[in-house]
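Hello,

I am passing on the structure below for your files.

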Amino acid sequence: MTDRTAALDAALQRLHDEGRYRTFIDIERRRGQFPHATWTRPDGTEREITVWCGNDYLGMGQHPVVLGAMHDALDATGAGSGGTRNISGTTVFHKALEVELADLHDKEAALLFTSAYIANDATLSTLPKLFPGLIIYSDALNHASMIEGVRRNGGAKRVFRHNDVAHLRELMAADDPAAPKLVAFESVYSMDGDFGPIEAICDAAEEFGALTYIDEVHAVGMYGPRGGGVTERDRLTHRIDLINGTLAKAYGVMGGYVAASAKMCDAIRSYAPGFIFTTSLPPAVAAGAAASVRHLKSDQTLRDLHQERASVLKTRFKMLGLPVIDHGSHIVPVMVGDPVHTKRISDMLLEDHGIYVQPINYPTVPRGTERLRFTPSPVHGPQMIDGLVRAMDSLWSHCGINRAELAG
């Protein structure tokens, strides 16, 4: 065995020993039957399952409006975009999507990326080039893509305690008043499902002359009268300078973006390597995303049903004494606190009950806070919720987890 092979074996074994080695399962989603899917086991046998951990929050990945737009664009243009946005990869479909996104957030412009991860990373790592001496103040629980963008930008950074506006103010007050500043935070934090104190952060940013950058990835499409996110719901959009969002969750397709002033988007477009050197999204994907954004601007019924299903599931879990984190969002985390137990419950739910929920372990969450994260959607009906609740009730005790201890 070579030294390189031994090093790889050791690295992988550490994950196995800690109980946090991540296993992918092969599933095939079925159009018109979501959240049902077919799971292909390693031995080639199949089992029908219900997906409870998907990010297609509203089921838009199978919506006829979205699929129709994608079919039409595919028939009209073919598969790929043919290049980067700068070299033949900007089509009428990309421009139409950016117009829809700018309108969604009441901004002058929007800039499309291949994912929200790339949008965060590319934008936050580019901003110091546009504002020399920029100091970025980043919430401690920001997504990995934001952390990576801030880390790579070569500028100054400060990390404030999660949702602690007083600490943010202390950090900004300690820095040069003349230095350009930016506060980066999220509207809905995906692992605990808590909300960022948007208005209070905007007040602090205004006091110290800082730009505001918010990640609305887990909110766009689902909050606000047109799906513009928590900033739209709380009527704070005008106080945010840059909004990051995704097309791969509530909108059910793929891609990410930032929405801001026309000059800000133009500068990012011109300077961000993550935008300049990346092949653009296929036109059919852009067309489907635009159709989804357009549709959800007026489908409040779907948003209401989504919130109702999440509320029902949290209530049912609480009635069983399960340690649910409930901050009022659509995220339903159930704390387990041990990677081995988390994986064991996940495996038994899948094999014995046909319920798929992926374990959430370190480094996605801190050690000791391992959990199962459920994402109910409008297409998770009452019978599916009943089945999940019964399965969790039986397995929780079976796996030797003390409900009262975790709940306390």
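**Strands**

An open sheet of mixed pairing is formed by 4 strands, in the order β1-β2-β3-β12. Its edge strands, pairing on one side only, are β1 (26–29) and β12 (355–356). Strands here are DSSP runs of E with at least two residues, helices are runs of H or I with at least four, and both are numbered from the N terminus. Two strands count as paired if DSSP finds at least two bridges between them.

This is a predicted model, in which local features need pLDDT of at least 70 and side-chain atom pairs count only at pLDDT 80 or more, while totals for chains, interfaces and linings use all residues. Residues are numbered from 1 along each chain as its sequence is written, and side-chain values use heavy atoms, with hydrogens and water left out.

Within the sheet, β1 is joined to strand β2 (residues 36–40) by 4 bridges in the antiparallel sense. E28 lies opposite T38 in β2.

Strand β14 (residues 371–374) is antiparallel to strand β11 (residues 332–335), with 4 bridges between them; here R371 is the bridge partner of M335. β14 also runs antiparallel to strand β13 (residues 359–360), over 2 bridges, and L372 stands opposite P359. R371 and R373 point one way from β14, L372 and F374 the other way, and all are buried (under 20% relative accessible area, with a 1.4 Å probe and protein chains only).

**Helix pairs**

Axes are lines fitted to C-alpha atoms, for helices over the stretch in contact, and angles run from 0 to 180 degrees between N-to-C directions.

Helix α3 (residues 92–104) and helix α11 (residues 283–296) cross at roughly 25°, their axes coming within 8 Å. The pair is therefore roughly parallel, a term for angles under 35 degrees. The α3 and α11 crossing is left-handed (the near helix is turned anticlockwise from the far one by less than a right angle; clockwise is right-handed). Contact means heavy atoms within 4.5 Å. On the α3 side the contact residues are F93, H94, L97, E100, L101 and L104, and they meet P283, A286, A287, A289, A290, V293 and R294 in α11. By class there are 10 nonpolar, 1 polar and 2 charged residues (nonpolar: Ala, Val, Leu, Ile, Met, Phe, Trp, Tyr, Cys and Pro; charged: Asp, Glu, Lys and Arg; polar: the others, Gly among them).

Helix α4 (residues 116–130) packs against helix α5 (residues 144–152) at about 25°, with axes 7 Å apart. That makes α4 roughly parallel to α5.

Regards

Key
Angles under 35 degrees count as roughly parallel, over 145 as roughly antiparallel, 65 to 115 as roughly perpendicular and the rest as oblique. Buried means under 20% relative accessible area, exposed over 50%, partly exposed in between (1.4 Å probe, protein chains only).
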